[in-house]
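Reader: I would like to go through this model with you. For each label, please tell me what backs it up.

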Amino acid sequence: MARSVTTQRKLTFTILGWAIGLLIFFPILWTFLTSFKTEGTAVATPPQFLFFDWTLENYHEVQSRSDYMKHVTNSVVISVGSTLIGLALAIPAAWAMAFSPTKRTKDVLMWMLSTKMMPPVGVLVPLYLIFRDWGLLDTRLGLVAVLTMINLPIIVWMLYTYFKEIPGEILEAARMDGASLMKEIVYVLTPMAVPGIASTMLLNIILAWNEAFWTLNLTAANAAPLTAFIASYSSPEGLFWAKLSAASTMAIAPILIMGWFSQKQLVRGLTFGAVK
Amino acid sequence: MLSRTLLLGAASVLAMSSFAHAETLTIATVNNGDMVRMQKLTEDFTKKNPDIQLEWVTLEENVLRQRVTTDIATKGGQYDVMTIGTYEVPIWAKQGWLLPLDGLGADYDKADLLPAIDAAVSVDGKLYASPFYGESAMVMYRTDLAEKAGVKISEKPTWDEIADAAKKMTDKSTETYGICLRGKAGWGENMALLTAMSNSFGGRWFDEKWQPQFDQPEWKKALTFYVDLMKEAGPPGASSNGFNENLALFQTGKCGIWIDATVAASFVTNPKDSKVADKVGYALFPTGGFENHGNWLWAWNLGIPAGTKKAEAAQKFVSWATDKAYTELVASKEGWANVPPGTRKSLYANPEYEKAAPFAKITLDAMNAANTTKPTVKPVPYTGGQFVAIPEFQGIGTAVGQQFSAALAGSMKVDQALQSAQALTTREMTKGGYIK
């Protein structure tokens with residue numbers, strides 16, 4: 001009897017899990033399906049799910065109108081670049097806060113997070129002027145700098161919580177053996193925190209990839225990443241859903257595939273230390 | 001210190017690199033059919049001007065507006081040519097943000113521009129942006145449904161005539177709705193229609209002393225009429241419908257009457273997308289007891305920001321994209337039906353265009369009926385038409401649009417919506433220094 005209850009519960013949870021999973025995945029699936037429709041079928045009521053005339057016309061149109069590779073390259077450079085620089089800055093910072101905290105460490109962490117609470121549009125004009133004067137508008141360098149700074153608080157916070165899980169005694173032992181500070185961070189701390197660092201890195205690449213305020217406002221033609229590519233397919237007068245869906249599918253494909261392959265790392269990192 | 005020098009060095013190298021290709025024009029534009037076509041014809045321009053390269057930045061309308069406004073207000077210099085609406089042109093020209101277009105060449109023929117459009121893009125007789133395509137608003141209706149319902153819509157209908165026809169055409173059992181009007185909140189969405197509608201009912205946004213007029217009977221009449229009509233003969237969920245949603249409804253045969261931008265005619269008569277392509281009739285924007293057809297006028301124009309270092313090349317491009325020869329270029333490549341409409345008299349005098357576009361005459365009539373310098377029946381201190389040409393209008397228009405959208409959705413009464421529109425407009429206009 002008890003066994004059947006367990007099976008039933010298992011079944012319920014499995015179905016519930018799948019239902020929630022499908023619910024969350026549905027918009028992506030729908031975008032994907034819409035990208036193969038004509039503009040007419042894309043807005044048809046009742047909506048057509050699978051039985052329509054599949055066409056590649058939208059992908060053809062998107063390819064012929066924009067330079068997809070240029071946007072992808074920009075996205076990769078900006079998201080990976082800003083994440084790597086962010087990590088290089090955040091690892092020492094998180095080390096300091098986790099292993100030699102002071103009275104004010106919590107305040108510093110809170111202050112860092114508070115910078116995320118301001119709506120970005122509030123600093124648009126000042127930043128735009130700085131970028132103009134330094135010649136950084138529409139450059140990858142400028143975007144890497146901005147995204148590094150924007151995501152830095154999150155990187156520091158995440159790394160800080162991971163580092164807190166590592167016993168300070170191990171680092172002490174390394175120091176006893178004569179390891180310098182640099183060696184301690186590179187050879188002792190980092191290898192132990194790899195799952196945490198990896199998931200921080202992946203999450204930040206995704207955040208930077210999807211960032212659509214600064215990447216749109218500080219770029220024009222040269223440094224525009226995939227967010228600008230998507231924004232060019234919405235039209236105030238004329239139907240655009242199918243083409244927009246094709247552009248969106250192309251824009252999310254690389255990051256989706258990356259997420260797919262690294263999901264083990266991501267999950268491991270996010271649950272790091274949770275069982276202790 | 002070293003790293004700072006390096007960073008500055010890197011920054012200046014990057015800055016220099018943008019000067020290296022001195023004659024690359026960066027053009028910001030919206031993603032509308034006519035603009036996309038222009039982008040595809042780039043080669044014709046670069047062939048004629050081998051020393052000028054074109055770089056396109058296409059963006060969604062709202063993103064584009066935010067983007068180019070930031071750039072021009074800070075003199076960022078990211079763009080050499082900007083696609084801007086008739087709302088921006090007079091405001092930006094007065095700020096000194098746009099270069100007057102006085103070097104467009106002998107072939108440009110300014111006198112050929114439609115007078116209403118010319119007036120909308122000129123300040124003190126000087127052209128500040130060159131119109132690429134223009135539109136007004138008109139009535140589009142299903143001739144077959146009208147016949148079935150036994151109604152006739154005249155060439156210059158009144159709102160009562162439209163309401164009567166819409167009610168008779170409605171058959172909710174077959175999901176056929178007599179009328180589709182914009183309901184989605186936004187200064188360029190529902191407020192475009194409602195401002196034009198109020199103009200035709202004798203209403204105005206402000207009196208001569210900039211006092212908001214939502215407490216006046218004209219606005220109440222217009223809004224009550226709109227909400228009642230939509231309730232009785234409109235589609236469900238109309239408060240989230242904009243141009244594209246109504247276009248989809250009309251194309252799939254679910255609307256009897258659609259009142260919107262004239263450019264819609266080319267979509268609904270295109271048999272590739274529209275099920276009702278051969279059953280569309282047209283009429284002027286309805287009147288409400290005055291000789292006022294709403295004065296809806298919009299054009300997308302090419303302007304040159306004052307901060308550009310490539311003004312000469314930019315003028316060459318603007319001239320290429322908006323002169324008469326461009327029309328012929330599009331016609332030769334894509335047919336007369338795909339020529340950008342609504343800017344030049346010569347296009348409407350062309351018999352080939354009239355043959356390819358059965359809506360040409362009514363479009364011209366609608367555009368000629370619009371007067372942006374005197375948009376309302378009573379006197380007003382502003383120019384415009386379906387919008388008020390002051391910088392504050394984007395914010396106020398959208399906020400008022402939200403009240404009226406709520407009235408349409410039924411979550412607010414008409415009187416309540418008007419009251420809060422009056423209050424918020426008064427507050428913003430006082431803040432803006434218009435009301436002392």
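Reader: What does the secondary structure of chain A come to?

Author: Chain A has 14 helices and 0 strands. Here a helix is a DSSP run of H or I with at least four residues, a strand is a run of E with at least two, and numbering starts at the N terminus. Before going on, note that this is a predicted model: local features need pLDDT of at least 70, side-chain atom pairs count only at pLDDT 80 or more, and totals for chains, interfaces and linings use all residues. Residues are numbered from 1 along each chain as its sequence is written, while chains are lettered from A and ligands numbered from 1 in the order in which they are written.

Reader: What are the dimensions of the C-alpha trace of chain A?

Author: Along the principal axes, the trace of chain A spans about 75 × 70 × 30 Å. Of its 276 residues, 35% count as buried.

Reader: What makes a residue such as Asn151(A) count as buried?

Author: A residue is buried if 20 or more other C-beta atoms lie within 10 Å of its own, exposed if 12 or fewer, and partly exposed in between, with C-beta atoms placed from the backbone. Asn151(A) has 24 C-beta neighbours inside 10 Å, so it counts as buried. The residue sits in helix H7 (residues 140–164) of chain A.

Reader: Which residues is Asn151(A) in contact with, leaving aside its neighbours within four places in sequence?

Author: Contact requires C-beta atoms, placed from the backbone, within 7 Å. On that basis Asn151(A) touches Ser82(A), Gly86(A), Asn204(A), Leu207(A) and Ala208(A).

Reader: Which residues of chain A does UniProt list for "transmembrane region"?

Author: The unreviewed entry lists several spans, among them 76–96 and 213–233. UniProt positions are given in the numbering used here, feature names are shortened, and annotations may be inferred rather than shown by experiment. In the model, residues 76–96 of chain A are 100% helix, with end C-alpha atoms 30 Å apart. Residues 213–233 of chain A are 48% helix, and their end C-alpha atoms lie 17 Å apart. The record also gives "domain: ABC transmembrane type-1" for residues 72–262 of chain A. That span is 74% helix and 0% strand.

Reader: Now chain B. Why is chain B called as compact as a globular protein of its length?

Author: The radius of gyration is taken over C-alpha atoms, and the globule rule is 2.2 Å times the number of residues to the power 0.38. For 436 residues the rule gives 22 Å; chain B has 23 Å, which is close, so chain B is as compact as a globular protein of that length. Chain B holds 19 helices and 11 strands. Of its residues, 51% count as buried.

Reader: What makes strand E3 of chain B largely enclosed?

Author: 5 of the 5 residues of E3(B) (residues 81–85) are buried, so the strand is largely enclosed by the rest of the structure. Val81(B), Thr83(B) and Gly85(B) point one way, Met82(B) and Ile84(B) the other.

Reader: In which sense do E3(B) and E11(B) pair?

Author: Pairing needs at least two DSSP bridges between two strands. E3(B) and strand E11 (residues 298–303) of chain B have 4 bridges, in the antiparallel sense. Ile84(B) has Asn301(B) as its bridge partner there. E1(B) and E3(B) pair in the parallel sense over 2 bridges.

Reader: How many residues does the contact take from each chain?

Author: Chain B gives 33 residues and chain A gives 30. On the chain B side, H1(B) supplies the largest share, 5 residues.

Notes
Two residues are in contact if their C-beta atoms, placed from the backbone, lie within 7 Å.
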